[in-house]
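Visitor: Hi! Could you walk me through this one? I'm new to it.

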Amino acid sequence: MSLDFYTIDDFDIEDKTVLVRVDINSPVDPNTGILLDDTRIQLHAGTIKELSDKGAKTVVLAHQSRPGKKDFTTLEQHAEALSNILNHEVRYVDDIFGSNARNAISLMQRGDILLLENVRFYSEEILKREPELQAETHMVRKLAPLADYFINDAFAAAHRSQASLVGFAFKIPSGAGRVMEKELKALYNAVNNVKKPCVYVLGGVKVDDSIMVMENTLENGSADCVLTTGLVANIFLLGAGIDIGSYNNEFIKNKGYWDYVKKAEELLKKFEGKIKIPVDLALYIDEKRAECPVSELPNEPIYDIGTETIKRYAEIIRSAETLFANGPAGVFEMEDFNIGTEDLLNAIASSKGFSIIGGGHLAAAANQMGLSGISHISSGGGASINLLAGEKLPVVEVLREVASRYAQGTNHN
């Protein structure tokens with residue numbers, strides 16, 4: 001499908017200064033502070049390399065975690081990892097838009113790559129505001145005059161209206177990077193060409209996102225069936241009147257999701273038969289996996305869906321023409337409790353239907369398994385799930401708006 005916003009192909013970037021926003025937020029060891037995985041850095045390396053190879057002075061903007069988290073740290077290790085991946089020096093500057101950063105940008109030569117400091121070290125970055133207001137933040141006003149173009153490649157953060165993501169597009173010509181372009185082509189193509197039956201597999205711990213997707217897609221008829229797993233399934237088991245034990249009730253309350261039990265009850269009644277809940281579960285008892293039917297649950301931690309549920313879900317998955325999945329089925333990091341997640345991923349991969357896996361943990365599990373039968377594995381769980389739910393992504397809306405504005409007579413080259 002044709003995209004109604006600009007990409008790298010629309011700009012003559014040789015000898016030009018290009019700001020590129022990526023999402024290289026990576027796992028960090030909370031005890032040592034060492035970067036544990038460079039998957040996301042590798043993902044965006046292609047866009048950055050293309051800009052550099054075409055002679056751009058490439059200034060990279062990125063974030064790592066958020067204030068208050070143990071992995072909220074500098075981007076010095078990210079610069080080193082990116083340098084190794086590209087086999088090209090990536091200079092790191094421990095400044096975002098101060099004099100050190102601006103001076104470093106002004107001294108860049110064609111082909112140079114510069115990584116600025118974690119943009120979330122700047123307090124205005126994490127404020128939720130309309131894009132037009134984000135364009136007036138100090139970061140945008142200080143950096144925009146130094147750049148010729150802005151390329152947004154941070155699809156995984158496309159559902160957020162933050163200064164570094166939406167502000168620059170109002171100041172300088174802007175377009176999508178290769179990751180953003182690829183993601184949107186795949187997702188919009190899937191949404192606009194849904195073949196029936198369409199099945200959603202929703203799990204993990206982000207209950208609010210899953211319920212939003214579930215309600216919207218069942219309401220508009222794009223989803224024929226929703227299979228629940230993970231914490232999402234536990235909420236719906238409660239909504240169906242099943243006692244899952246005080247331990248699991250407290251876990252849900254501590255996560256702040258107890259109010260969603262009533263919502264789950266309403267959705268089960270409204271879309272009778274379309275929302276599937278587990279018939280058996282795997283519990284953590286004496287440090288081992290123990291399965292039992294949902295009608296006989298002891299007061300023990302629920303860590304996975306059970307074998308009978310996996311079997312029933314796999315049959316539904318194999319009959320689907322379109323599949324969307326987000327969130328693991330259980331505590332897949334533990335060997336005894338990765339069965340549900342891996343078996344459902346295998347069923348999706350072996351299905352004849354078009355399949356999309358949301359980002360985050362489920363995408364990581366799919367990548368670790370080396371599955372080849374999945375049509376598209378997204379880099380962004382929150383962004384992809386919002387898009388599939390019919391929500392507008394602030395980053396995409398801004399790219400469309402500025403493309404429309406510049407198309408009315410502005411020459412980018």
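Predicted model: local features only at pLDDT ≥ 70, side-chain atom pairs only at ≥ 80, totals over all residues.

Visitor: Okay, where is Leu75?

Guide: Leu75 sits in the loop between strand S2 (57-61) and helix H2 (76-86). Helices (H or I, at least four residues) and strands (E, at least two) are DSSP runs, numbered from the N terminus.

Visitor: Is Leu75 buried or exposed?

Guide: Leu75 counts as buried because its relative accessibility is 0%. Buried means under 20% relative accessible area, exposed over 50%, and partly exposed in between (1.4 Å probe, protein chains only).

Visitor: Which residues does Leu75 touch?

Guide: Not counting residues up to four places away in sequence, the contacts of Leu75 include Ala62, His63, Tyr92 and Leu115. Contact means heavy atoms within 4.5 Å.

Visitor: Who else is in that loop between S2 and H2?

Guide: Ser65 is one of the residues there. Ser65 is also buried, at 8% relative accessibility, and its phi is near 60°, a positive value in a residue other than glycine.

Visitor: Got it. What kind of peptide bond joins Lys196 and Pro197?

Guide: That one is cis, with omega about -5°. For background, most peptide bonds are trans. Pro197 has its place in the loop between helix H7 (178-192) and S7.

Visitor: How far is Ser319 from Pro197?

Guide: In sequence they are 122 residues apart, and in space 7.6 Å, C-alpha to C-alpha. Ser319 belongs to the loop between helix H12 (307-318) and strand S13 (322-326) and is partly exposed, with a relative accessible area of 46%.

Visitor: Switching to charges: how many salt bridges are there?

Guide: The structure holds 23. A salt bridge is a side-chain nitrogen of Lys or Arg within 4 Å of a carboxyl oxygen of Asp or Glu.

Visitor: Which residue does Lys171 pair with?

Guide: Lys171 meets Glu136 in a salt bridge (3.0 Å, N to O). Lys171 lies in the loop between helix H6 (163-167) and strand S6 (174-176) and Glu136 in the loop between helix H4 (131-134) and helix H5 (138-143), so the pair ties together parts that are 35 residues apart in sequence.

Visitor: And what about Glu181 and Lys185?

Guide: Their side chains meet in a salt bridge as well (3.3 Å, N to O). Being 4 residues apart in helix H7, Glu181 and Lys185 are separated by about one helical turn.

Visitor: Nice. Where does Arg129 find a partner?

Guide: Arg129 pairs with Glu124 in a salt bridge (3.4 Å, N to O). Arg129 counts as partly exposed at 27% relative accessibility, whereas Glu124 counts as buried at 18%.

Conventions. Residues numbered from 1 in each chain as written. Heavy atoms only, no water.
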